[in-house]
Amino acid sequence: MAKVTLSVIKADVGSLAGHTVVPPELKEKANEVLTEAKKDGVIKDYHISNCGDDLELIMGHHKGEDSEEIHSLAWKAFEEAADKAKEMKLYGAGQDLLSDAFSGNVRGMGPGIAEIEFTQRKADPLIVFMMDKTEPGAFNLPIYRIFADPFTNAGLVIDPNAHAGFRFEVWDIMEHKKVIMNCPEETYDLLALIGAKSRYVIKRVWPKEEHPKLPADEAVAAISTEKLFQIAGEYVGKDDPCGIVRCQSGLPSTGEVLEGFSLPHLVSGWMRGSHNGPLMPCAQEDAICSRFDGPPRLVGLGFNFSDGILHGPLDMFADPVWDYQRQEAARIADYMRRHGPFEPQRLPLAEMEYTTLPKVLKSLGDRFEDVE
Ligand code: F6R
Ligand code: MG
Ligand code: MG
C-alpha cells in the first residue's frame, strides 16, 4: 500500500477585533493558494480552518514529512493571508511569520507543524486538534491519557492489538534533546517528565515493535512543538499548538481519543500568554476567545483520510454531550480569574521570564536594597 502524508501547518497572521478570530477574507486568500496547488497536483486535498486567531492548513499529499514543496506552499498561503491582513489593518498582521526569506522549511520560522507519513490502511479515521491561547505542553495530559491510561482508553485492557501499549517521544524544548519512553513499563518516569509541561512535551506517539497491525516506524500521533519565544528571542505570543491523532483498529477509537480531553485541565497561555486557565473543548465556530482573551480553546476535526483525500470534517466537540465540560471550564475560568494577578492564575515567575514582565521588574531594580 502506498504511503500518504497529512500535514497540519498553522500560523497567526492577523485577526479580527484583537487576537480573536481569523476573518473569512484571510481564509479565502489561503484557499486561492491551495486550490491552485491542488490543481497542479502538489497536494491531493486540503481543508482550511481556524481555531480562534490561528489559521490552520490541513493538507493531504504524497510528498512525505518536511517536504520543501509543501512547506513553501504553506508559507505562500500564510504570506498572502498576511498581506490581506495588513491591507485590512487587522490586528497582529503577519505576527507569526518571523522571517522575510523562506529557506525551504517552515520549521523555526514561526508556524507550528504536525505531520505524519504512514501506510494507508483499509480505512484511516483521524482527528486533527487545534488549540488557541495555549502552548504545546497542553497536549501532554490528554495524549498521555489517550495512549497510556486504561481508565481513558479501554482498548489498552480489552483490545489485544493495543495491549502492549505505546512509545512516547518526548522533547526537552529548552535543551533541544529527545527521548523515547515505553509505556506501560516506564509510566512513572514518563510522568516525571511530562508533568513539567512547559519544558518536556510529547512530540510523537509510536506503536510498539510487537503491534500486530502497525509498522513501528510510523507515528500514530504528532504534535507541533515550536516555541515562538525561542525562535524570536523575545515574547511574541504563545505558540498555539496543533496535533494529529490516528484512530481505530488497534489504535484508540475516536471516542477514546476524545475521552482524553474530558477534563478541562489547567494549561498555560490565556491572557498575554501569562495565565493558567482551563482548556475548553468547543465547536469550531465557537472558538472565540472573548473572556479575558480566553479561556484557552480546543477544536477537534474528524476526517477519513483516503489516499490523500480528506473526507470530512466532522466537528467532534459540537456534540452537546460536551456542554457539561464547557460549563465546568467556564466555572474553573471564573474561579481562576478571581485570583487576578496572583499565582496560580498568573504563571510562576520562571515562565514569566519570556513575557514583558521582566521589563517592568527591571525598572524597579535600583530601588532594591540589601536586607540586614
Ligand atoms: C495571548 C494573546 C493575547 C494578547 C493580548 C495583548 O496569546 O494573544 O492575550 O497577549 O491581547 O495583546 P497586545 O500586546 O498585542 O495588545
Ligand atoms: Mg494573535
Ligand atoms: Mg492564537
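1. A backbone N or O atom of Arg-272 lies 2.9 Å from an oxygen atom of ligand 1 in this predicted model. That is a polar contact, meaning a pair of N or O atoms within 3.5 Å; within protein, one must be able to donate a hydrogen and the other to accept it, and residues adjacent in sequence count only if both atoms are side-chain atoms. The protein covers 71% of the 410 Å² of accessible area that ligand 1 has on its own; such areas come from the Shrake-Rupley method with a 1.4 Å probe, and for residues only the protein chains shown count as cover.

2. Side chains also reach ligand 1. An N or O atom in the side chain of Asp-293 is 2.6 Å from an oxygen atom of the ligand, and for the side chain of His-19 the distance to a ligand oxygen is 3.2 Å.

3. Which residues surround ligand 1? They are His-19, Tyr-91, Lys-133, Trp-270, Met-271, Arg-272, Gly-273 and Asp-293, where a residue is near a molecule or strand if one of its heavy atoms lies within 4 Å of it. By class, this shell holds 3 nonpolar, 2 polar and 3 charged residues. Ala, Val, Leu, Ile, Met, Phe, Trp, Tyr, Cys and Pro count as nonpolar, Asp, Glu, Lys and Arg as charged, and the others, Gly among them, as polar.

4. A word on conventions: residues are numbered from 1 along each chain as its sequence is written, while chains are lettered from A and ligands numbered from 1 in the order in which they are written. As the model is predicted, local features need pLDDT of at least 70, side-chain atom pairs count only at pLDDT 80 or more, and totals for chains, interfaces and linings use all residues; side-chain values use heavy atoms, with hydrogens and water left out.

5. His-19 turns up again at the magnesium ion (ligand 2), which is coordinated by Asp-12 (OD), His-19 (ND1) and Asp-53 (OD) at 2.0 to 2.4 Å. Donors are N, O and S atoms within 2.8 Å of the metal (3.2 Å for Na, K and Ca); water is not among the atoms, so sites may look incomplete. Asp-12 lies in the loop between β1 (3-11) and α1 (24-39) and Asp-53 in the loop between β2 (45-51) and β3 (54-61), so the pair ties together parts that are 41 residues apart in sequence. Helices (H or I, at least four residues) and strands (E, at least two) are DSSP runs, numbered from the N terminus.

6. How far apart are the magnesium ions, ligand 2 and ligand 3? They are 4.9 Å apart, and Asp-53 coordinates both. The protein donors of ligand 3 are Asp-53 (OD), Asp-54 (OD), Asp-132 (OD) and Asp-240 (OD), lying 1.9 to 2.2 Å from the ion. Their spacing in sequence is D-D-x77-D-x107-D. Asp-53 and Asp-54 are both buried, that is, under 20% relative accessible area, with exposed over 50% and partly exposed in between (1.4 Å probe, protein chains only).

7. Strand β1 is mostly covered, with 8 of its 9 residues buried. Two strands pair if DSSP finds at least two bridges between them. β1 runs antiparallel to strand β4 (residues 112-119), joined by 8 bridges, and Lys-10 stands opposite Gly-112 in β4. β1 also pairs with β3 in the antiparallel sense over 7 bridges, with Ile-9 opposite Leu-57.
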